[in-house]
Amino acid sequence: MALTEDSKSKMMGRLIDSVKEICGLPECKNVCKKMHGNLIRRIKLLSPLFEELKDSNEDLGEEAVKGFELLRISLDSAMELLKSTNEGSKVYQAIQRDKIAHKFCQITGKIEAALSEIAYDKLDLSEEVREQIELVHTQLRRAKEKPESLDSQLDLDLALAQREKDPEPAVLKRLSEKLELKTIGDLKKESHAFHELVISNGGDPGDWFPKMSSILKKLKDYVQMENPEADNSEPEHGLIKHRSPVIPDDFRCPISLELMKDPVIVSTGQTYERSCIQKWLDAGHKTCPKTQQTLSHTALTPNFVLKSLIALWCENNGVELPKHEGTCRNKKVGSGVSDCDRIAIVALLEKLANGNLEQQRAAAGELRLLAKRNADNRVCIAEAGAIPLLVELLSSTDPRTQEHAVTAILNLSINDSNKGTIVNAGAIPDIVDVLKNGSMEARENAAATLFSLSVIDENKVAIGAAGAIPALIDLLREGTPRGKKDAATAIFNLSIYQGNKARAVRAGIVPPLMQLLKDAGGGMVDEALAILAILASHQEGKVAIGKSEPIPVLIEVIMTGSPRNRENAAAILWSLCAGDSQQLKLAKECGAEEALKELSDSGTDRAKRKAVSLLELIQRADVVVNQSCL
């Protein structure tokens with residue numbers, strides 16, 4: 001039986017409230033942190049579905065009603081699990097991690113099963129919402145089938161701490177850090193949680209009691225020994241040490257060999273100090289200093305995990321935390337700039353909100369520079385409320401103001417937390433509009449901003465649905481060298497999502513890519529091949545590439561290109577020739593065999609595999625021809 005309009009609105013309202021309540025839970029700070037965060041992130045992606053249905057006139061059938069009711073029950077169960085894992089004894093949760101992981105897997109399965117009951121492809125939904133729900137459904141299905149991998153090192157450390165009378169300090173140190181039990185105050189809270197756990201079990205300690213008791217005692221002894229003068233009310237005292245610790249190699253920048261203060265990841269996955277790798281890139285280098293691999297793009301992604309580990313190591317070893325220029329961590333929580341900078345930011349926001357055109361232009365320009373200067377400024381500018389104001393200025397009729405606004409947003413988006421704030425402020429359609437109609441500088445920075453935002457999977461869907469891809473292709477055709485690079489990087493990242501591959505092909509991306517591929521002096525061969533390789537895995541992309549006479553130039557790249565380009569060219573050639581006898585025949589006529597034999601000996605591992613597969617295809621085709629001649 002279908003729901004009435006009022007009943008449907010109430011049901012969607014309850015679901016929206018459930019998602020808001022779940023998203024409002026505090027951050028998990030124990031060994032369940034990753035499972036906790038992933039489940040909340042996936043649940044949050046369901047909200048647009050409920051909001052759109054609440055406001056629509058869509059009639060829900062009986063099956064859909066059943067599915068949404070199952071979804072509501074599943075979200076209630078998820079809320080209980082998320083709350084329980086964020087409370088109680090951290091040691092107990094570590095010991096019971098397998099069981100907790102199983103519970104997360106069960107809840108994920110229930111949510112996925114409920115979504116499967118809803119034929120959302122038949123509902124009157126916007127394309128963006130439908131694609132987002134398809135994405136989260138795929139993520140849930142994958143998470144259900146492949147549970148979170150557990151930390152084997154943690155299991156080993158727990159076993160050693162329990163079994164050995166006097167465990168190695170390194171073991172206890174790892175446990176102290178992973179369980180977030182680093183001060184006497186932390187351990188007092190853990191002891192209280194331990195006591196509450198015994199009481200909640202009716203006074204029966206159970207089998208886990210001796211394990212927990214032993215581990216807790218050894219952790220307490222370790223913390224007291226490491227911080228003999230530590231006072232929970234003044235954690236700074238715990239920084240006093242009487243030895244000079246050796247900096248772990250992973251915390252040193254491979255270029256400067258100094259302790260990193262702002263670690264960033266390059267496209268090869270290596271981490272460097274931001275200022276060092278930026279100087280390397282500014283000098284015109286296009287390779288990773290450590291691996292010598294060609295960089296597929298020059299975007300720098302903050303390595304917040306490593307930065308947190310460095311901060312913890314500094315705190316535990318009495319090393320002064322690396323300082324950023326203009327840091328203000330000792331101000332109010334979340335603040336990260338000096339009094340002078342903070343006052344300046346507030347004054348600039350006042351001009352953004354209430355100033356005349358010239359004042360807005362100048363204020364946006366100042367914020368652009370401040371956001372570029374360091375990581376702390378990016379946090380503080382966002383926390384002060386600048387992002388919604390800058391998003392409004394994206395629609396400014398003054399070209400320079402628009403340039404400043406989009407570039408400031410680009411600089412702010414380097415911070416991962418700011419990415420969500422930017423998207424939630426409704427920035428994506430406005431950034432796409434700047435990409436279509438702004439000055440060349442504004443278009444270039446709009447493309448770079450879209451790339452930055454597309455690092456988060458769900459944003460790939462929203463950016464594609466907002467019409468960004470045709471505008472990026474226009475920039476790829478007519479932009480400056482830098483603009484073409486920005487456009488190509490954004491298109492590559494967006495095309496990781498299957499739906500955007502079709503959008504790119506239908507928008508006519510293949511001809512300009514082939515033109516860039518054939519222009520060896522244009523500096524865009526790497527990017528063109530990388531995008532073509534990812535499009536060739538899609539049927540429409542394969543057909544479009546096949547029509548552009550790509551075989552001769554692909555074979556030339558296989559013979560003379562860089563290792564990565566030879567690999568991508570072989571992958572494209574394989575996609576074209578698999579199942580297409582005409583393309584295979586043409587490849588052979590163009591001298592593919594000789595090039596592929598050489599590649600099978602000297603290429604990368606992936607290139608060798610593709611070369612061998614192509615050679616087998618050619619050999620099989622020869623056998624068929626010979627047999628037909630008999």
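Modeller: A definition comes first: helices (H or I, at least four residues) and strands (E, at least two) are DSSP runs, numbered from the N terminus. The model is predicted. On that basis, the chain has 33 helices and three strands. It has 630 residues, and 48% of them count as buried. Take the contacts between residues at least 6 apart in sequence: 68% of these join residues at least 24 apart. The accessible surface of the chain is about 30,800 Å². Carbon and sulfur atoms hold 51% of that surface.

Ser-413 lies in the loop between helix H18 (399–412) and helix H19 (416–424). Is Ser-413 buried or exposed? Its relative accessibility is 0%, so Ser-413 counts as buried. The cut-off for buried is under 20% relative accessible area.

What does the side chain of Ser-413 meet? One of its polar atoms lies 2.6 Å from the backbone oxygen of Leu-410. The side chain of Ser-413 also joins that of Ser-452 in a polar contact of 2.8 Å. Leave out residues up to four places away in sequence, and Ser-413 touches Lys-419, Ile-422, Ser-452 and Leu-453.

Glu-180 is in the loop between helix H9 (169–178) and helix H10 (184–200). Glu-180 is not a glycine, yet its phi is positive, about 60°. Its relative accessible area is 27%, so Glu-180 is partly exposed. Glu-549 is in the loop between helix H28 (539–546) and helix H29 (551–560). Glu-549 is not a glycine either, and its phi is positive at about 50°. Its relative accessibility is 62%, so Glu-549 counts as exposed.

A search of the whole structure finds one aromatic pair. Phe-50 and Phe-68 form it, edge-to-face, with 6.3 Å centre to centre and 70° between the planes. Phe-50 belongs to helix H3 (residues 47–55) and Phe-68 to helix H4 (residues 62–85). The two are 18 residues apart, and the pair links distant parts of the chain. Both Phe-50 and Phe-68 are buried. Elsewhere, a charge meets a ring: the charged end of Lys-610 sits over the ring of Trp-574, 4.4 Å from its centre.

Conventions
Residues numbered from 1 in each chain as written. Predicted model: local features only at pLDDT ≥ 70, side-chain atom pairs only at ≥ 80, totals over all residues. Heavy atoms only, no water. Buried < 20%, exposed > 50% of the residue type's maximum accessible area, 1.4 Å probe, protein only. Contact = heavy atoms within 4.5 Å. Areas by Shrake-Rupley, 256 points an atom, 1.4 Å probe, with all protein chains shown as cover. Phe/Tyr/Trp six-rings, centres within 6.5 Å; stacked < 30°, edge-to-face > 60°. Lys NZ or Arg CZ within 6 Å of the ring centre and 35° of its normal. Polar contact = N/O pair within 3.5 Å; in protein donor to acceptor, adjacent residues only side chain to side chain.
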